[in-house]
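Hi,

Here is the structure I said I would pass on. Have a look at it first, and my notes follow below.

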Amino acid sequence: MGYSQVLIPSKTNVDTLQNTSDTLKNHFKEVSGQDTVLMKNESGLETVVTIVASDSSWNQVQKNIIHLFKGAKVKYQGFELSADYIRLDRNNNMLYASGIYDEKGKYVGRPVVIFPNETPKAVDSLLYNYKSQEGKTFGIMTEEDGGYIQARVLRKNIYDELSIKDAMYSTCDLPYPHTHFGIHISRGLITDKQIIAGPSYLVFQGIPFKFLALPFGFFPKTNKKQSGFLFPSFGDDVTRGFGLRDFGWYLTYNDYWDSELRGSFYSKGSWEAWVRTNYVVNYKFNGGFNFRFASTPTGVEGSDNFRRAKDFNFTWNHTQRQEANPGTSFSASVMFGTSSYFQNSAAGSTYDIRELTRNNMSSSISYGKVFADGKVNFTSTLSHRQDMTTGKIDLELPTFSLNVATFNPFDSKERVGEQKWYQRITVGYSLQGRNSLSTGDSTLFSKETLQKFTNGFQHNIPVSLSLTAFKYFQFNTSFNYTERWYLQTVRNYRANEINGYVDARDTVPGFRRAYDYSFSTGLSTKIYGMYPKMGKIQAIRHVVTPSINLNYRPDFSDPKYGFYKEWIDKTGRLSKYSIFENGIFGGPGQGKSMGIGFSIDNNIEAKVLNTSDTTKGNAFRKIPIIQGLTFSGNYNFAADSLKLSNISFSGRTSLFKEKINLNFSGTFDPYSLNTNGERINRFALKDGKLARLTNFGLSFDYSFNPDASRRRNDNIDSMRNSMPNMTPEQANALASISRDPNAFVDFNIPWNFAGSFSLQYFTRFDQEQQRERADYSATINFHGDLNLTPKWKIQFNSGYDIKQREVSMTNLSIYRDLHCWDMSVGWVPFGRYKSYNITIRAKSSILQDLKLSKRNSHYTY
């Protein structure tokens with residue numbers, strides 16, 4: 001705090017200023033430049049005080065007074081005082097500093113004092129007696145534990161106690177009287193451990209509420225975070241009624257972790273409570289837990305259909321700093337709970353469309369370690385995935401992998417010159433292990449379910465060779481060997497029961513290994529084509545990348561391998577099955593494969609005359625027409641039928657000077673269907689079709705203000721560079737903004753409007769009409785915001801389902817920037833989540849400086 005104590009170092013004998021090495025010819029002449037003063041401290045050692053005046057200095061020798069003008073500075077070791085006017089009176093031991101009025105009558109050049117390891121403090125003017133170390137400061141602002149005290153008059157004594165008069169305490173760092181919420185303190189005393197206030201009253205928007213005045217008060221000053229009340233927000237929900245939302249209590253335990261206890265109550269009987277705990281150890285790790293519980297009544301109370309839904313949701317996030325333990329990583333992202341939580345609680349009263357439409361929850365806890373100078377990498381993961389529609393849960397407890405970087409076994413460290421062909425051979429190795437379970441959420445913790453974990457290990461050894469052949473071709477060949485280890489296999493049989501024979505399966509314990517291998521070799525090249533000039537189009541370049549490969553895999557269902565067994569199925573036919581059917585990594589494939597794989601990739605771009613800018617060397621500009629248009633498939637000579645695989649294709653392009661990125665993909669089936677919808681060995685070409693288009697997807701998005709995200713990033717980078725010594729809270733806040741910029745409203749961006757379109761076309765077989773039918777889904781989504789004034793912003797998002805012919809959830813929000821506070825009004829005008837919400841909250845210093853507001857009401861990082 002100590003903005004007065006920076007004026008003169010403690011107990012310095014300033015009388016020695018008379019020893020100044022004065023360079024003035026007479027004491028009335030004004031000069032500019034730098035001078036030094038020799039001073040003696042209590043130990044008798046001489047020290048140097050530097051005096052600088054960028055405009056002029058005036059030494060009144062007869063009156064023993066020094067005047068410094070315009071950019072005047074006094075430096076002593078780590079202490080510095082600067083102002084546009086400084087006067088040092090050696091007769092009464094007084095130092096005076098102030099600003100000056102410029103030609104426009106504006107007060108400029110206020111004194112600024114800097115003490116070692118403290119932030120600069122600006123004042124209107126000050127007086128200081130360097131003998132008694134007492135002074136008086138006028139128009140001071142200082143920070144106290146996240147708040148700001150602005151005092152008209154302040155005095156400091158030798159005990160570092162500060163007396164204040166006509167002061168305002170608020171969260172605003174702008175000059176008085178700008179504040180929306182504050183406490184006016186008529187007189188007070190600030191000590192190292194407490195603030196003692198005289199008559200005090202609340203001030204709102206410059207209006208004093210003196211009838212709410214307190215005659216006196218004692219406030220502890222512990223220089224650390226304090227527990228306290230969390231102010232609620234208010235709103236109305238069409239299904240839950242009027243609500244008091246997010247009120248609660250903030251608990252701080254120490255510098256490493258804190259908690260929030262919050263709750264919401266609604267007039268129609270719904271309520272929600274949650275606990276949020278955050279922890280951080282600087283330069284090591286940080287994270288947080290969040291447990292939420294919601295009780296929501298449905299139906300008519302007193303009727304048979306009335307019930308109360310009880311839902312919960314738990315999340316845990318943990319991040320480890322890389323420098324804390326080089327070569328080792330640990331992270332966690334956990335979310336689980338009841339599948340109806342987000343719908344019944346309106347996503348925790350946030351009405352976040354991403355949460356409301358969530359159809360799954362997943363968790364992952366990962367550990368990683370790097371060995372052998374980065375050549376060996378080990379990772380292990382515990383994970384879970386929960387389908388909220390079907391209730392299915394998939395657990396991986398755990399999954400691990402050990403990967404060895406590829407190396408050249410036949411190369412030599414003493415090799416001179418280029419590699420020989422065999423020295424280019426690369427070999428790799430990977431080991432995976434899994435222990436998994438798939439079950440329903442209602443039976444997850446039953447004893448029978450927990451005994452159904454499946455597990456196994458898989459080894460993979462890839463060998464590859466890449467060479468340049470015939471100057472223009474790239475030759476690639478590879479051999480892949482995979483081996484799986486299991487502790488159990490299956491046996492199928494027909495069991496004789498009362499109602500007849502039924503299919504049955506036994507699990508046979510015991511170690512079994514399953515292996516397979518495959519071989520592939522191929523060629524690829526690039527073909528360049530140029531099209532003639534057409535108007536402004538100077539040239540069109542077409543790059544074609546064809547590739548072809550031969551692949552082979554033996555039939556591992558052959559009895560000599562022992563991987564398949566024969567049995568009589570329910571139709572009475574002799575068929576084969578794999579004893580590794582339930583294996584977590586599967587088993588070797590059935591059937592011999594020997595075929596030709598093929599693909600062709602196309603890139604087309606145009607060079608167009610740039611008539612708008614020819615002065616900066618940009619006479620031409622390139623326009624991408626088609627990027628990555630790829631067709632691929634495979635033909636299996638060894639198959640007895642359906643030898644040609646489906647032909648898949650994908651591509652992308654850009655429109656309107658690359659402002660719209662359009663992506664598309666699909667699949668062609670070369671074979672026809674029979675009356676049961678099954679593929680038959682008959683080419684669709686014989687039925688008058690080149691192929692059947694079975695699915696096609698198209699999507700694109702467009703922002704009418706593409707500079708919006710760039711401007712936000714520049715703003716954040718500028719803040720990060722201008723604050724090298726951030727507090728942990730500021731660093732965490734800035735990291736949160738960088739991770740999820742869409743969670744914040746940016747008043748620096750005057751407007752933004754963006755939209756997206758998605759189309760999915762697919763076919764399905766209609767059993768009643770015995771023919772293939774086409775179907776589709778298509779949606780349009782748009783969002784944007786607009787600054788009505790520099791302090792008011794309106795934000796909206798909505799969409800339209802073209803097939804269902806209905807509008808998706810629409811949300812309208814209005815934000816008011818109050819600098820140190822902000823206000824938001826959210827409105828869902830129609831639909832299941834029809835509601836409104838009003839929130840007023842204090843804003844962190846980082847958000848004040850960046851002119852950002854947080855979108856949702858849970859104001860934590």
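Predicted model: local features only at pLDDT ≥ 70, side-chain atom pairs only at ≥ 80, totals over all residues.

How many cavities of 30 Å³ or more does the count come to? The count comes to 2.

Two strands each supply at least two of the lining residues: strand 23 (271-281) and strand 24 (285-298). Of the elements involved, strand 24 gives the most, with 3 residues.

Now the whole protein. Of the 861 residues, 38% are buried. The protein exposes about 48800 Å², and 56% of that comes from carbon and sulfur atoms. As for contacts between residues at least 6 apart in sequence, 50% join residues at least 24 apart.

Most peptide bonds are trans, and most residues other than glycine have a negative phi. Against that background, here is what I noted:

- Leu 397 and Pro 398 are joined by a cis peptide bond, with omega at about -5°. Pro 398 sits in strand 29 (residues 392-407).
- Lys 70 is not a glycine, yet has a positive phi of about 50°. You will find Lys 70 in strand 3 (residues 65-76).
- Arg 805 is not a glycine either, and has a positive phi of about 55°. Arg 805 is in the loop between strand 48 (792-801) and strand 49 (806-807).

Are those last two residues buried or exposed? Lys 70 counts as partly exposed because its relative accessibility is 37%, which falls between the 20% and 50% cut-offs. Arg 805 has 70% relative accessibility and therefore counts as exposed, as anything over 50% does.

If you open the model in your viewer, you could begin with strand 24, given its 3 residues in the lining of the second largest cavity, and then go on to the cis bond between Leu 397 and Pro 398.

Cheers

How values were computed
Residues numbered from 1 in each chain as written. Heavy atoms only, no water. Buried < 20%, exposed > 50% of the residue type's maximum accessible area, 1.4 Å probe, protein only. Contact = heavy atoms within 4.5 Å. Areas by Shrake-Rupley, 256 points an atom, 1.4 Å probe, with all protein chains shown as cover. Helix = DSSP H or I, 4+ residues; strand = E, 2+ residues; numbered from the N terminus. 1 Å grid on protein atoms, 1.4 Å probe; cavity = no way out; pocket = protein on both sides within 12 Å on 5 of 7 lines; lining within 4 Å. Points joined across faces, edges and corners; volume = space filled by probe spheres on them.
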